[in-house]
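Subject: Handover of a structure

Dear colleague,

Please find the structure below, together with its sequence. I would be grateful if you would look through it before reading the notes that follow.

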Amino acid sequence: MTYVVTENCIKCKYMDCVEVCPVDCFYEGDNMLIIHPDECIDCGVCEPECPAEAIKPDTEPGLEKWLKLNADFAKSWPNITIKRDSPPDAKEWDGVADKFEQHFSPNPGEGD
Ligand code: SF4
Ligand code: SF4
């Protein structure tokens, strides 16, 4: 089992999650973060910290696509352990539909 970051993180990227993870297993893309499934110890601490409610346990049904995306991009995106400012328009993107289709970026973020 692992926790996964899902669609609502895209363009929200509040980054509250990175500060609480005891094993530093968040990785940064251009406009979202993901969790490395092989490094996550399933502690669940990050889930309630996400203002966008984008972090879910992979035991929830229907998250296969997101588990694969987290696993795939954990190989190439840089590790992130420090919280930076979220995008100025993060609130406006919270809850917007179809963010993956329209706004997902495969590009890596800055990392630490
Ligand atoms: S707190 Fe939530 S929205 Fe923010 S970066 Fe982490 S997963 Fe994404
Ligand atoms: S569940 Fe725990 S180990 Fe996994 S990403 Fe969240 S804080 Fe890190």
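Two residues are said to be in contact if their C-beta atoms, placed from the backbone, lie within 7 Å. By that criterion, and leaving aside neighbours within four places in sequence, Cys 25 is in contact with Ile 35, His 36, Glu 39 and Cys 40. Please bear in mind that this is a predicted model.

Cys 25 lies in the loop between α1 and β2. Is this residue buried or exposed? A residue counts as buried if 20 or more other C-beta atoms lie within 10 Å of its own. Cys 25 has 23 such atoms within 10 Å and is therefore buried.

Turning to the chain as a whole, its secondary structure consists of four helices and four strands. Read from the N terminus, these elements follow the order β-α-β-β-β-α-α-α. The radius of gyration is 12 Å, close to the 13 Å that the globule rule gives for 112 residues, so the chain is as compact as a globular protein of that length. The C-alpha trace spans about 30 × 30 × 25 Å along its principal axes. Of the contacts between residues at least 6 apart in sequence, 83% join residues at least 24 apart.

Buried residues account for 33% of the 112 residues. In soluble globular proteins, nonpolar side chains tend to be buried together. Here, the largest nonpolar core has 28 residues, and those touching the most other members are Val 5, Cys 9, Cys 17, Phe 26, Leu 33, Ile 34 and Ile 35. At least two residues of this core come from each of β1 (3-5), α1 (16-20), β2 (26-28), β3 (33-35) and α2 (64-73). Leu 33, when its neighbours within four places in sequence are set aside, has contacts that include Val 5, Cys 9, Cys 17, Phe 26 and Ile 80.

There are also ligands to consider. Which residues come nearest to ligand 1? Of the 13 residues around ligand 1, they are Cys 9, Tyr 14, Cys 17, Cys 50 and Ala 52. The shell of ligand 1 comprises 11 nonpolar, no polar and two charged residues. Ligand 2 is surrounded by 13 residues, of which Tyr 3, Cys 21, Cys 40, Cys 43 and Cys 46 are the closest. Its shell divides into 11 nonpolar residues, one polar and one charged.

Yours sincerely

Notes: Residues numbered from 1 in each chain as written. Chains lettered and ligands numbered in written order. Predicted model: local features only at pLDDT ≥ 70, side-chain atom pairs only at ≥ 80, totals over all residues. Near = placed C-beta within 6 Å. Nonpolar A, V, L, I, M, F, W, Y, C, P; charged D, E, K, R; others polar. Rg over C-alpha atoms; globule rule 2.2 N^0.38 Å. Buried ≥ 20, exposed ≤ 12 C-beta atoms within 10 Å, placed from the backbone. Core = buried A, V, L, I, M, F, W, Y, C linked by C-beta atoms within 7 Å.
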